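Visitor: Please take me through one part of this model at close range. I would like the strands, their pairing and the packing between them.

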Amino acid sequence: MSDETRDSNGAILADGDNVTLIKDLKVKGSGGVTLKRGTLVKKIRLTGDPDEIEANVDKVRGLVLRTEFVKKA
C-alpha cells in the first residue's frame, strides 16, 4: 500500500486541491445536513490517513471525508 492520498478515480490529491462529491452524503452530528452530489469542496487538507481528507463545506467546519466519495475537480 502506498502512502499517497488518491481520489475515487486514482488521481493523487494534495493539500489545497479542490474536489467534487460523487454521491449525496449525510453528515453525522450536523443536525440533518446533507451534502449533495456535485458539491465543490475547496482547499482540502490531507490527514495522516490516505483514506481521509479534511475540509470545510458550507455549514460544516472541520469535516472529514473519505476519499472514495470525492474526485479531483
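Guide: UniProt lists residues 6-73 as "domain: Protein YjdM C-terminal", from an unreviewed entry. UniProt positions follow the numbering used here, the feature name is shortened, and such annotations may be inferred rather than shown by experiment. The model is predicted: local features need pLDDT of at least 70, side-chain atom pairs count only at pLDDT 80 or more, and totals for chains, interfaces and linings use all residues. Residues are numbered from 1 along each chain as its sequence is written, and side-chain values use heavy atoms, with hydrogens and water left out.

Over residues 6-73 the chain is 0% helix and 40% strand. Its end C-alpha atoms lie 13 Å apart. Helices (H or I, at least four residues) and strands (E, at least two) are DSSP runs, numbered from the N terminus.

Start with the open sheet. Three strands make it, in the order β4-β1-β8, with antiparallel pairing. Two strands pair if DSSP finds at least two bridges between them. Strands of a sheet pair through backbone hydrogen bonds, either parallel or antiparallel. β4 (40-41) and β8 (70-72) stand at the edges with a single partner strand each, so one side of each has no neighbour in the sheet. β1 and β8 are joined by three bridges. Val 19 has Lys 72 of β8 as its bridge partner.

Thr 20 is in β1. Thr 20 is buried, because its relative accessible area is 14% (buried is under 20%, exposed over 50%, partly exposed in between; 1.4 Å probe, protein chains only). Leaving aside neighbours within four places in sequence, the contacts of Thr 20 (heavy atoms within 4.5 Å) include Gly 38, Thr 39, Leu 40, Phe 69 and Val 70.

Now the hairpins. β5 and β6 form one, with five residues between them. Two bridges join this antiparallel pair. Arg 45 stands opposite Glu 54 in β6. β6 and β7 form a hairpin with two residues between the strands, and there Asp 58 takes a positive phi near 25°. Five bridges join β6 to β7, again antiparallel.

In a regular strand the side chains alternate between the two faces of the sheet. In β6 the covered face holds Ile 53, Ala 55 and Val 57, and the uncovered one holds Glu 52, Glu 54 and Asn 56.

Thr 47 sits in the loop between β5 (45-46) and β6. Thr 47 is partly exposed, because its relative accessible area is 26%. Beyond four places in sequence, Thr 47 touches Glu 52, Ile 53 and Glu 54. A polar atom of the Thr 47 side chain lies 3.2 Å from the backbone oxygen of Asp 49. For the backbone oxygen of Glu 52, the distance to a polar atom of that side chain is 3.0 Å.

Last, the packing. Leu 65, in β7, is the bridge partner of Ile 53. Outside four places in sequence, Leu 65 also has contacts that include Leu 21, Leu 25, Val 41 and Val 70.

Note on methods:
Polar contact = N/O pair within 3.5 Å; in protein donor to acceptor, adjacent residues only side chain to side chain.
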